[in-house]
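Open the model in your viewer and keep the selection panel at hand. The tour goes from stop to stop, with a selection at each.

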Amino acid sequence: MIKVLGMVNCPPDFGRHPYVINGCSELFAKIWGTERGIGVRSAVGMGSLPDNIPVEIEAVFELGQ
C-alpha cells in the first residue's frame with residue numbers, strides 16, 4: 001500500500017472524515033498486515049459523489065514479485 005485517498009459524501013459541517021476512512025485503512029491492514037497494508041492517507045469531504053455513494057476510495061499499490 002502506497003497511498004489511500006478517501007472522499008466522504010457529507011454536509012459542510014461534518015468534520016470526521018478521517019474516522020470514516022480509517023475503516024478502509026484498518027481493512028487493508030487486516031488483509032495485508034500492518035507492514036504492507038498501511039500507507040499514507042488523505043481524507044476529504046465532498047458535497048456530492050456519483051450516484052450519491054457515501055464513500056469513494058482511490059488507492060495506489062506497489063506490486064512486488
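Select helix H1, residues 17-37. In this predicted model, H1 lies across E1, E2 and E3, with contact meaning heavy atoms within 4.5 Å. Helix H1 runs at about 140 degrees to E2. Axes here are lines fitted to C-alpha atoms, for helices over the stretch in contact, and angles run from 0 to 180 degrees between N-to-C directions. Helices (H or I, at least four residues) and strands (E, at least two) are DSSP runs, numbered from the N terminus.

Two notes on the numbers. Residues count from 1 along each chain as its sequence is written, and side-chain values use heavy atoms, with hydrogens and water left out. Because the model is predicted, local features need pLDDT of at least 70 and side-chain atom pairs count only at pLDDT 80 or more, while totals for chains, interfaces and linings use all residues.

Zoom out. The protein has one helix and three strands. Along the sequence the pattern reads β-α-β-β. The C-alpha atoms fill a box of roughly 40 × 20 × 15 Å along the principal axes.

Now select the sheet. What is its strand order? This open sheet of three strands runs E2-E1-E3, with mixed pairing; two strands pair if DSSP finds at least two bridges between them. Strand E2 (40-46) and strand E3 (55-60) are the edges, and each pairs on one side only. Neighbouring strands are turned by 15 degrees against each other on average, direction ignored.

Select E1, residues 3-9, together with E3. The two strands pair in the antiparallel sense over six bridges. Pick Gly-6: its bridge partner in E3 is Ile-57.

Go back to H1 and show Phe-28 and Trp-32. Both lie in the helix, four residues apart, about one turn. The structure holds three aromatic pairs. Rings of Phe, Tyr and Trp (its six-membered ring) pair if their centres lie within 6.5 Å; planes under 30 degrees apart count as stacked, over 60 as edge-to-face and the rest as tilted. Why is the Phe-28 and Trp-32 pair called tilted? The ring centres are 5.3 Å apart and the planes stand at 50 degrees, so the pair is tilted.

A pocket is an open set of points on a 1 Å grid over the protein atoms alone, with protein on both sides within 12 Å along at least five of seven lines; a cavity is a set where a 1.4 Å probe fits but cannot get out; lining residues have an atom within 4 Å of a point. The largest pocket holds about 230 Å³ of space.

Last stop: the largest cavity, with about 40 Å³ of space. Select Met-1, Val-4, Ser-25, Phe-28, Gly-37, Ile-38, Gly-39, Val-40 and Arg-41 to show its lining. H1 gives the largest share, three residues.

Conventions
Grid points are joined across faces, edges and corners, and a volume is the space filled by probe spheres set on the points.
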